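Dear colleague,

I am passing on the structure we spoke about, with the sequence alongside. Please look through both before reading my notes below.

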Amino acid sequence: MTRLQPDRRHAIHFTLNGVAMQGDAEPRMLLTDFLRHQIGATGTHVGCEHGVCGACTITIDGALARACLTLAVQIDGCDLRTVEGLAPSADRLGVLQQAFRRNHALQCGFCTAGILMSLDRFLRDNPAPTESAVRDLLSGHLCRCTGYTPIVHAALEAAAELAGESRKKEETDA
Ligand code: FES
Ligand code: FES
């Protein structure tokens with residue numbers, strides 16, 4: 001990485017939910033602040049700002065990351081996905097989002113963006129998770145409202161629905 005000047009703004013080129021974007025930031029700027037205040041992507045929430053609550057969780061090049069522990073200049077050349085990219089279209093929620101709605105898996109919603117991002121990534125790698133695996137994943141997120149049970153139900157319901165969809169696709173392709 002080239003040496004950064006601490007008092008200068010540096011150009012950042014990246015992809016956000018499939019769209020090529022650019023911006024600039026001083027080396028000390030957090031990715032959360034960059035996304036929310038410079039790019040206007042306010043779906044990513046900020047809680048603790050030290051990596052504990054999980055509200056700011058996004059993916060960077062496909063891997064889960066805490067945006068509050070990442071500097072904006074570190075995403076130069078990266079592919080970012082945030083909660084704004086979860087719905088397949090502006091008027092349709094994704095399977096996991098619909099399951100959250102059906103199960104009342106949110107109240108104030110402050111934790112929800114980060115939890116959705118973690119679960120979305122988790123369900124791709126674990127198409128048939130156990131309840132305890134889901135609870136284990138959720139241990140990386142703080143939710144003050146729900147007691148977690150409806151979130152677990154939503155995750156398991158979404159996993160079953162996604163598995164049904166992929167079975168149907170395999171049968172159609174065969
Ligand atoms: S705001 Fe990033 S983990 Fe809490
Ligand atoms: S729904 Fe309020 S913090 Fe989780």
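The domain bounds used here come from an automatic or database domain assignment. Please keep in mind that this is a predicted model.

For the protein chain, that assignment gives domain 1 (10-85) and domain 2 (95-173), and the centres of the two domains, taken over C-alpha atoms, are separated by 22 Å. Where they touch, 14 residues of domain 1 are in contact with 12 residues of domain 2. On the side of domain 1 that touches domain 2, strand 3 gives the most, with three residues, and by class that side has seven nonpolar, seven polar and no charged residues.

Turning to the strands, strand 1 (residues 10-16) and strand 2 (residues 19-25) run antiparallel and are joined by seven bridges, with F14 having M21 in strand 2 as its bridge partner. These two strands form a hairpin with two residues between them, and N17 in the turn has a positive phi of about 50°. Strand 1 also pairs with strand 5 (residues 79-81), in the parallel sense and over two bridges, and here L16 stands opposite L80.

As for helix 3 (residues 112-125), its 14 residues should span 20 Å at 1.5 Å a residue, which agrees with the 20 Å between its end C-alpha atoms. Because 11 of these 14 residues are buried, helix 3 is largely enclosed by the rest of the structure. The buried residues, among them I115, L119 and F122, pack against strand 3 (57-60), strand 4 (63-66), helix 2 (95-102), helix 4 (131-138) and helix 5 (149-173).

With best wishes

How values were computed
Residues are numbered from 1 along each chain as its sequence is written. Chains are lettered from A and ligands numbered from 1 in the order in which they are written. This is a predicted model: local features need pLDDT of at least 70, side-chain atom pairs count only at pLDDT 80 or more; totals for chains, interfaces and linings use all residues. Helices (H or I, at least four residues) and strands (E, at least two) are DSSP runs, numbered from the N terminus. The expected span of a helix is 1.5 Å times one less than its number of residues. A residue is buried if 20 or more other C-beta atoms lie within 10 Å of its own, exposed if 12 or fewer, and partly exposed in between; C-beta atoms are placed from the backbone. Two residues are in contact if their C-beta atoms, placed from the backbone, lie within 7 Å. Ala, Val, Leu, Ile, Met, Phe, Trp, Tyr, Cys and Pro count as nonpolar, Asp, Glu, Lys and Arg as charged, and the others, Gly among them, as polar. Two strands pair if DSSP finds at least two bridges between them.
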